Amino acid sequence: MARPIDDHLTREQLVEEVAKLNRELLELEGKQEKTDASRAELQAIVESAKDSIFIKNLSLKYTLVNPSMCRLYALPQDAILGKSDRDILDSHTALLTEEVDRNVLSGTVVEEEICRIIDGCPHTFHTLKVPLPGGGEKIVGLCGISRDITDRKQAEEALRNAKADIESKNRELTDINNQLDHAISRANEIALRAEMANFAKSQFLAGMSHDIRTPLNGIIGFAEMLLETPLDATQRDHVQMIRQSGQMLLSLINDILDFSRIEAGMMHFEAIDFDPRNLGLEVCNLIRPKLEAKALSMTFRTGEGLPARVKGDPARFRQVILNLMDNAVKFTESGEIVLSMDVEEMNETHIKLHISVVDQGIGIPQGKLAYIFEPFTQVKRSTTRKYGGTGLGLSICKRLSGQMGGDVWAESAVDKGSTFHFTALLSKSENRLRGDRINRPARDAADGENRNSQVSGRSTRVLLAEDNPVNQKLAALLLEKAGCVVDTAGNGKEAVTKYTAAPQDFDMIFMDIQMPEMNGLEATKILRDGGFGTIPIIAMTAHAMSGDREICLAGGMTDYLAKPIKREEIARIVKKWSPAGGQDSYVPRPS
């Protein structure tokens with residue numbers, strides 16, 4: 001209501017009153033402008049909001065809706081304003097909505113999630129509804145804001161599904177881990193059984209080797225001794241057959257043992273200096289006696305640049321060449337056998353040697369070349385009957401060459417002959433000089449066998465410990481032929497008693513390993529522990545498995561001789577360890 005003006009005001013007072021009214025009017029106009037600006041700003045926010053915003057009066061009719069709300073209902077604004085949910089939604093949804101809205105009008109703030117079908121797809125909305133106050137505490141309506149949270153809900157559902165999937169996978173992994181643990185446990189159990197079986201097999205092979213070598217030692221040894229006596233032609237032929245049969249049986253045992261060692265990964269390789277040319281000559285000397293019964297000649301050729309020394313395992317290197325040469329002689333009746341040794345390649349530290357063995361024998365069909373290196377394989381069954389053998393030799397050569405960094409292969413033509421190739425990667429030797437005592441050329445072991453068995457004008461005195469009567473007699477005869485005086489003991493205990501009673505009466509001891517009462521290793525330990533550290537003790541045993549030599553040497557023995565023993569090996573050992581043989585005194589290994 002306008003404020004009345006006093007009729008008795010002076011002109012100055014009237015002017016002042018008019019001015020005051022004018023100021024009040026200007027202030028009211030300013031407030032109205034601010035109100036209009038705020039209203040416009042609020043309207044802009046509501047209009048641009050992505051959330052659906054609406055206001056309902058006490059009759060639950062819409063008095064305000066923003067464009068997002070219109071899009072939600074897919075209706076224009078004028079089709080919503082002044083209408084209630086009963087006019088817009090289905091009756092069921094409208095009743096539920098009205099029930100919630102009346103709670104809000106009673107002063108309750110409500111948050112709810114509702115589902116709406118939009119364009120045929122379900123959408124989830126999070127809606128907040130609050131009472132709308134008028135003057136004082138009076139409620140004149142409600143205001144609501146609704147946000148589409150479908151993407152969030154889908155993400156949450158995906159997260160729950162992923163979590164459930166992870167939990168399922170974890171359960172599966174747990175099951176798999178349990179199965180793996182069981183499998184590993186089972187595999188360990190199988191491995192242990194396999195290891196035990198392998199150990200049992202090794203023990204069986206060792207026992208078999210010992211038990212067969214022991215009588216073979218007597219068979220082959222006495223056959224060779226008998227051949228040195230006067231015999232008629234029939235007797236000599238029979239004795240030679242006995243010796244040949246024994247040697248074939250020994251070869252069979254050696255092949256089986258070597259194959260078993262390789263298969264079990266128990267084949268160990270040395271790395272020592274040796275002269276490859278001298279080794280080739282040794283093989284030729286071993287093969288030469290087999291040529292006498294056939295119309296065969298043999299040539300050994302070495303290529304230029306073949307070093308005087310290389311480093312590797314001479315025994316395995318020799319074994320491969322000897323096997324190839326032995327096969328060449330076995331399958332060739334006439335003609336020439338050529339052993340060649342060349343350098344294939346070389347660098348600063350290693351050298352690859354290429355050995356070839358050429359024969360003019362029966363040859364091998366092309367279709368069979370790939371099979372001859374398989375174990376227990378020969379070209380024909382008739383080959384075994386006619387030429388003998390186990391079919392293991394080439395298989396062993398193949399595996400040995402592979403472990404020496406090389407290979408073995410063959411070229412052949414039926415009735416024309418074969419060429420077998422053998423390569424080995426060896427280390428260069430730091431000592432390149434020829435003629436070193438370790439690698440001196442092979443000699444006839446019988447040459448001068450009595451020459452170095454004399455000590456200050458007397459024979460070398462040997463104590464022989466051997467429990468088997470046949471082998472004891474054979475070893476004593478071979479030692480006597482080497483110019484020795486022999487005293488015998490039936491076991492290790494007797495040997496210790498004899499030697500310790502008169503150590504000055506003996507120059508060396510030949511000691512069997514497996515003996516009753518006290519074995520050879522036990523006897524050796526007693527002697528070494530008793531202060532007898534310089535007497536050479538030679539292991540003479542049928543134990544020929546991989547590692548047996550090392551066990552003997554580690555047990556304090558000086559050298560090792562595997563049965564069946566040969567006359568030339570006995571002579572070599574006597575010469576090597578006789579005090580007059582030029583060999584340095586034995587220095588026992590530290591215990």
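A residue counts as buried under 20% relative accessible area, as exposed over 50%, and as partly exposed in between. By that cut-off E494, at 33% relative accessibility, counts as partly exposed, and K498, at 27%, is placed in the partly exposed class as well. The model described here is a predicted one.

**Salt bridges**

The structure holds 28 salt bridges. Side chains of opposite charge can pair when their charged atoms come close. One of these contacts joins the side chains of K498 and E494, with 4.0 Å from N to O; both residues lie in helix α12, four residues apart, which is about one turn of the helix. Another joins K153 to E156, and these two residues both belong to helix α5, where a spacing of three residues again amounts to about one turn of the helix. K153 is partly exposed at a relative accessible area of 25%, and E156 is partly exposed at 29%.

The contact between R301 and D342 connects two strands: R301 lies in β7 (residues 295-302) and D342 in β9 (residues 334-346), so the pair ties together parts that are 41 residues apart in sequence. R301 is partly exposed, with 38% relative accessibility, and D342 is partly exposed, with a relative accessible area of 24%.

| Salt bridge | N to O distance |
|---|---|
| K153 and E156 | 3.8 Å |
| R301 and D342 | 2.9 Å |
| K498 and E494 | 4.0 Å |

Elsewhere, salt bridges that share partners join K56, D85, D101, E112 and K129 into one network.

**Aromatic contacts**

The structure holds seven aromatic pairs. A pair of aromatic rings is described by the distance of the centres and the angle of the planes. For F373 and F420 the ring centres are 6.4 Å apart and the planes stand at 70°, so the pair is edge-to-face, as planes over 60 degrees apart are counted. This pair links distant parts of the chain, with F373 in the loop between β10 (350-358) and α9 (381-387) and F420 in strand β12 (residues 417-428), 47 residues apart. Both F373 and F420 are buried.

Y499 and F532 form an edge-to-face pair, with 5.2 Å from centre to centre and 85° between the planes. Here too distant parts of the chain are linked: Y499 is in helix α12 (residues 492-501), while F532 is in the loop between α13 (520-529) and β17 (537-541), 33 residues apart. Y499 counts as buried at 5% relative accessibility, whereas F532 counts as partly exposed at 23%.

**Strand β17 and its partner**

Strand β17 is mostly covered, as five of its five residues are buried. Both of its faces are covered, with I537, A539 and T541 buried on one side and I538 and M540 buried on the other. Strand β16 (residues 508-511) pairs with β17 in the parallel sense over three bridges, and the bridge partner of M511 in β17 is A539.

**A nonpolar surface patch**

L173, I176, L180 and I184 make a nonpolar surface patch of about 350 Å². Of these residues, I184 has its place in helix α5 (residues 150-227) and is partly exposed, with a relative accessible area of 47%.

Notes: Residues numbered from 1 in each chain as written. Predicted model: local features only at pLDDT ≥ 70, side-chain atom pairs only at ≥ 80, totals over all residues. Heavy atoms only, no water. Phe/Tyr/Trp six-rings, centres within 6.5 Å; stacked < 30°, edge-to-face > 60°. Buried < 20%, exposed > 50% of the residue type's maximum accessible area, 1.4 Å probe, protein only. Patch = residues over 30% accessible without salt bridge, like charges linked within 9 Å, V, L, I, M, F, W, Y side chains within 5 Å. Areas by Shrake-Rupley, 256 points an atom, 1.4 Å probe, with all protein chains shown as cover. Pairing = 2+ DSSP bridges.
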